[in-house]
Amino acid sequence: MTTPLTHAHTGGVVVFQIGMTVKKPHRPDLWGPVALAMSRMQTELKRNMAQAERGEAEDLGFMGGVNLLGARGPWCVQYWRSVEQLYAYAADPHHAHLPAWRKFNQAARKNPGAVGVWHETYVVAESGIETLYGNGAVVGLGAVAGTVPVAKRGLKAAQRLGSAPDSRVN
């Protein structure tokens, strides 16, 4: 067995889930543009991450994410540094989200019930995060922010939860 790992990120995190519910699968002309818009946003955010790391652009706060497929449609789980940065991205007309949101609303008025969108936002303090990755299964926050040996935060889940440097149990 490989050394168990936990996430390397310090501080809190914003977990943002966003997805679409395909209500008329036989109408890709109605739900396809929503899926393409999400792909454009993800490309933009990933490009910004790379540019910000090189010092070529302002960091939008997006840390990374993963795409999933559920029974009712696709969704993304994203990690952000702050809710303020998430909201700033969403409201900025110079980025992909706001124009896509406006187009979606126009299309939804013309074709109600074809496709639904949803999101959930969780603001999680550092003391509310606990992760464990065993035998190479690194997903979620660990995949986005990197990993460290689990012993660095505590061998037990209760020790890792709230593992600020002054609260570690050895």
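Which residues lie nearest the centre of the largest pocket? In this predicted model, the residues nearest the centre are V34, A37, M38, M41 and V117, which belong to a lining of 43 residues. The elements that contribute two or more residues to that lining are the strands β2 (13-22), β3 (62-70), β4 (73-80) and β5 (115-124), together with the helices α1 (28-53), α2 (83-91) and α3 (97-110). Among these elements, α1 gives the most, with 12 residues. The space within the largest pocket amounts to about 910 Å³, and its lining, when divided by class, comprises 30 nonpolar, 10 polar and three charged residues.

Nonpolar packing was examined next. In soluble globular proteins, nonpolar side chains tend to be buried together. The largest nonpolar core of the model has 15 residues, and within this core L45, W80 and Y89 touch the most other members. At least two residues of the core come from each of β2, α1, β4 and α2, with α1 again giving the most, here four residues.

Notes:
Residues numbered from 1 in each chain as written. Predicted model: local features only at pLDDT ≥ 70, side-chain atom pairs only at ≥ 80, totals over all residues. Heavy atoms only, no water. 1 Å grid on protein atoms, 1.4 Å probe; cavity = no way out; pocket = protein on both sides within 12 Å on 5 of 7 lines; lining within 4 Å. Points joined across faces, edges and corners; volume = space filled by probe spheres on them. Nonpolar A, V, L, I, M, F, W, Y, C, P; charged D, E, K, R; others polar. Core = buried A, V, L, I, M, F, W, Y, C linked by side-chain atoms within 4.5 Å. Buried < 20%, exposed > 50% of the residue type's maximum accessible area, 1.4 Å probe, protein only.
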